[in-house]
Amino acid sequence: MQKKRFGLATASLDALSPLAVLHRGYAIAQREDGTLLRDAKAVSIGDSVKVRLAKGRIKATVEDTNET
């Protein structure tokens with residue numbers, strides 16, 4: 001019984017892991033200073049952003065924003 005609960009707890013933690021989210025196809029976008037981006041209004045055209053993917057990172061320049 002205790003082994004089963006441990007297995008369920010482990011699976012729940014794994015599902016919530018930021019790395020697991022990345023492996024599902026999501027990305028984490030940050031400003032150059034490392035601040036997480038949660039809103040398109042936080043950047044301007046021409047700003048550089050860092051994007052973390054499941055496998056690697058990219059640096060991109062904002063060309064357009066859509067705040068809807």
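This is a guided tour of the chain, stop by stop, for a reader with the structure open in a viewer. The model is predicted.

**The whole chain**

Begin with the entire chain in a cartoon view. There are two helices and three strands, and from the N terminus on they follow one another as α-α-β-β-β. Turn the model slowly and consider its proportions: the C-alpha trace spans about 55 × 25 × 20 Å along its principal axes. The radius of gyration of the chain is 17 Å, whereas a compact globule of 68 residues would have a value near 11 Å. How much of the chain is made up of buried residues? Buried residues account for 12% of the 68 residues. As for contacts between residues at least 6 apart in sequence, 23% of them join residues at least 24 apart.

Next, select the three strands: β1 (28-31), β2 (48-53) and β3 (residues 56-61). In what order do the strands lie in the sheet? They form an open sheet with the order β1-β2-β3, and the pairing is antiparallel. β1 and β3 stand at the edges with a single partner strand each, so one side of each has no neighbour in the sheet. From one strand to the next, the twist averages 25 degrees. As a general point, the strands of a sheet pair through backbone hydrogen bonds, in either a parallel or an antiparallel manner.

**The hairpin of β2 and β3**

Now keep β2 and β3 in view and hide the rest. These two strands form a hairpin, with two residues between them. They run antiparallel and are joined by six bridges. Two pairs of residues may be selected here. Leucine 53 stands opposite glycine 56 of β3, and valine 51 has isoleucine 58 in β3 as its bridge partner. While β3 is selected, ask how many of its six residues are buried. The count is zero, and β3 is thus described as hardly covered.

**Glutamine 30 in β1**

Move to strand β1 and select glutamine 30, which is placed there. Is this residue buried or exposed? Glutamine 30 counts as buried because its relative accessibility is 18%, and the cut-off for buried is under 20%. Display its side chain and follow it to glycine 34: the side chain of glutamine 30 reaches the backbone oxygen of that residue at 3.0 Å. With neighbours within four places in sequence left aside, the residues in contact with glutamine 30 are Thr35, Leu36, Leu37, Val49 and Lys50.

**The salt bridge**

Select glutamate 32 and lysine 59 together, and show their side chains. The two residues form a salt bridge, in which the closest N and O atoms are 3.9 Å apart. Glutamate 32 belongs to the loop between β1 and β2, while lysine 59 belongs to strand β3, so the pair ties together parts that are 27 residues apart in sequence. The salt-bridge count comes to one.

**Isoleucine 45 in the loop**

Finally, select isoleucine 45, found in the loop between β1 and β2. This residue is exposed, with a relative accessible area of 60%. Which residues does isoleucine 45 contact, leaving aside its neighbours within four places in sequence? Its contacts are Val62, Glu63 and Asp64.

Note on methods:
Residues are numbered from 1 along each chain as its sequence is written. This is a predicted model: local features need pLDDT of at least 70, side-chain atom pairs count only at pLDDT 80 or more; totals for chains, interfaces and linings use all residues. Side-chain values use heavy atoms; hydrogens and water are left out. A salt bridge is a side-chain nitrogen of Lys or Arg within 4 Å of a carboxyl oxygen of Asp or Glu. Helices (H or I, at least four residues) and strands (E, at least two) are DSSP runs, numbered from the N terminus. Two strands pair if DSSP finds at least two bridges between them. Axes are lines fitted to C-alpha atoms, for helices over the stretch in contact, and angles run from 0 to 180 degrees between N-to-C directions. Buried means under 20% relative accessible area, exposed over 50%, partly exposed in between (1.4 Å probe, protein chains only). A polar contact is a pair of N or O atoms within 3.5 Å; within protein, one must be able to donate a hydrogen and the other to accept it, and residues adjacent in sequence count only if both atoms are side-chain atoms. Contact means heavy atoms within 4.5 Å. The radius of gyration is taken over C-alpha atoms; the globule rule is 2.2 Å times the number of residues to the power 0.38.
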